[in-house]
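Ready for some practice with salt bridges and buried side chains? Grab the viewer and work through the exercises below.

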Amino acid sequence: MADSNDVETTTISINADDDTTDEVTVPTGLLDLVAEGDQTAAETVGDVTLLSLASRAHHIVHHGQESDEDLEAQEARIMDLFEERFGVTFGEATGHQH
């Protein structure tokens, strides 16, 4: 079994509109595994981030305990952004439709 310390990693820097920053380090091989075609590491992490946020928002609004108009509007917006980026709806991409 390979030692996890020997696994190559890639660090992605994140800059937000509010001038905050963060970094995330992930195994390079996982980026290669989930990348679409010749996507860059940054594009791959962007896709995964948008997919994750859309999935979380969907779960909270449609399968969670409580929702309100603001949260529903935020979920609708992330779904619009999802469709803009991927060219398909969240339901089409995941096979999970309501």
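**Exercise 1.** Work out how the side chains of E84 and R77 meet.

*Solution.* Start with the contact: E84 and R77 form a salt bridge, at 3.9 Å from N to O. That label needs a side-chain nitrogen of Lys or Arg within 4 Å of a carboxyl oxygen of Asp or Glu. Next, check accessibility, where buried is under 20% relative accessible area, exposed is over 50% and partly exposed is in between (1.4 Å probe, protein chains only). E84 has 60%, so it's exposed. R77 has 45%, so it's partly exposed.

Before you go on: this is a predicted model, where local features need pLDDT of at least 70, side-chain atom pairs count only at pLDDT 80 or more, and totals for chains, interfaces and linings use all residues. Residues are numbered from 1 along each chain as its sequence is written, and side-chain values use heavy atoms, with hydrogens and water left out.

**Exercise 2.** Find how many salt bridges the rule gives, and look at the one between R85 and D47.

*Solution.* The count is two. R85 and D47 pair through their side chains at 2.4 Å, N to O. R85 sits in helix α3 and D47 in helix α2, so this pair ties together parts 38 residues apart in sequence. (Helices are DSSP runs of H or I with at least four residues, numbered from the N terminus.) Now compare burial: D47 is buried at 14%, while R85 is partly exposed at 43%.

Notes:
Helix = DSSP H or I, 4+ residues; strand = E, 2+ residues; numbered from the N terminus.
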